[in-house]
Protein chains: 2
Amino acid sequence: MNDERARLEETRDEFVTQWGIMGAQWGINRTMAQIHALLMTAPEVMSTDEVMEVLQISRGNAHTNLKDLVGWGLIRIVTKKGERKEFFEAEKDVWEIFRRVARERKRREIDPALETLRNCKAATEDMELPDGKAFHEQMMQLEDFVSFASKMGDRVATMQHGKAIKLAMKIFG
Amino acid sequence: MNDERARLEETRDEFVTQWGIMGAQWGINRTMAQIHALLMTAPEVMSTDEVMEVLQISRGNAHTNLKDLVGWGLIRIVTKKGERKEFFEAEKDVWEIFRRVARERKRREIDPALETLRNCKAATEDMELPDGKAFHEQMMQLEDFVSFASKMGDRVATMQHGKAIKLAMKIFG
DNA sequence: ATCTGATTTCAGTAATTACTGAAAGTTCAT
DNA sequence: ATGAACTTTCAGTAATTACTGAAATCAGAT
């Protein structure tokens, strides 16, 4: 019985570690991903001190990454009545997590990229040189694709869990 | 006219720089992304030396990143008859680029993550503690979602350009 | 077998990114 | 206004990741 508790903590550790590795590969700070994993599998809300304790990290590090996660909309601040401390709670619904990551990546990464592609396209609009024409054509294709991806992102971000799954099933099932 | 050439090179530089920044945000080495951008917009195949020259990087760096790009299937080696040197050429079709990135990321990142999720799920299969049950449930949901994403990746990777666009239009149009 | 023009490797170094811990700032009760 | 409990910032440092350049290796021509 106490053995089960130990086994659970071990498994949870494995999950936290792997989620951290995965995050790092996707350009997300390892610690941030670990905290996320920890909170996603936390039976209760956690305080900054608890996170520090479990992951063995400094206050500054814990603080920064917790606030970044709040910025991504992946965790939220919870206050307990009578307590002054902040506690944190993760969004656990997988579809909701996906939506929020999609929305933020679009905002932070896709939209700026689109901006550049549009500039590059515009700057070569009128060119006569074959190389200029080819470049312009390439920018156009990239822009079309990225803006399509961006629109899909918007669409997904406003879709409800059930609908999205059913729709996807219909297409890919 | 020569002014146009200069303007083109300037614009191309902007594109290379921005593609590098974007790559870095997605967890891809900046130089690798820059080389990719350079080759995507190259009117002719390029040699290692040309890449070194344009981006002002060392031979080792150019070599490593060119080979990595070959590994991702984003560029290919071309040999000119009579020449001993290797030249490189990028895949320019945007849908094809997307497919290859999707395929590689799935292989390198999604599949290993799935593996972990399955382990964690299995390790908590039989637990009686409420916390253990909750953890198991969370792993299940994650696994369902990630494996669904993985299947979609497969599906997309084998789809032809035209079909994919039409399908997507039907859904999101 | 040797030479030449190329590719590949890798030890050392540079640049970037992440983390620590202590100090400063905030908030709220008294 | 003071102080206790907590949050935020940030200069300094550690860890990680990327890059250089020279030496080793390879492949074809003679």
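Student: How far is a base oxygen of DNA strand C from an N or O atom in the side chain of Arg84(A)?

Tutor: This is a predicted model, in which local features need pLDDT of at least 70, side-chain atom pairs count only at pLDDT 80 or more, and totals for chains, interfaces and linings use all residues; side-chain values use heavy atoms, without hydrogens and water. Residues are numbered from 1 along each chain as its sequence is written, while chains are lettered from A and ligands numbered from 1 in the order of writing. A polar contact is a pair of N or O atoms within 3.5 Å (within protein, one must be able to donate a hydrogen and the other to accept it, and residues adjacent in sequence count only if both atoms are side-chain atoms). For the side chain of Arg84(A) and the base oxygen of DNA strand C, the distance is 3.3 Å.

Student: What share of the atoms of DNA strand C within 4 Å of the protein belongs to sugar or phosphate?

Tutor: A residue is near a strand if one of its heavy atoms lies within 4 Å of it. Thr31(A), one of the residues that come nearest to DNA strand C, has a polar side-chain atom 2.2 Å from a phosphate oxygen. For Asn29(A), the distance to a phosphate oxygen of DNA strand C is 3.2 Å. Bases make up the rest of these atoms, and the share of sugar or phosphate is 63%.

Student: Which helix gives the most residues to the surface near DNA strand C?

Tutor: Helices (H or I, at least four residues) and strands (E, at least two) are DSSP runs, numbered from the N terminus. At least two residues of this surface come from each of helix 4 of chain A and helix 4 of chain B. With 4 residues, the greatest contributor is helix 4 of chain B.

Student: At what angle do helix 1 of chain A and helix 2 of chain A pack?

Tutor: Axes are lines fitted to C-alpha atoms, for helices over the stretch in contact, and angles run from 0 to 180 degrees between N-to-C directions. Helix 1 (residues 2–25) and helix 2 (residues 30–40) of chain A have axes 7 Å apart, and the angle is about 140°.
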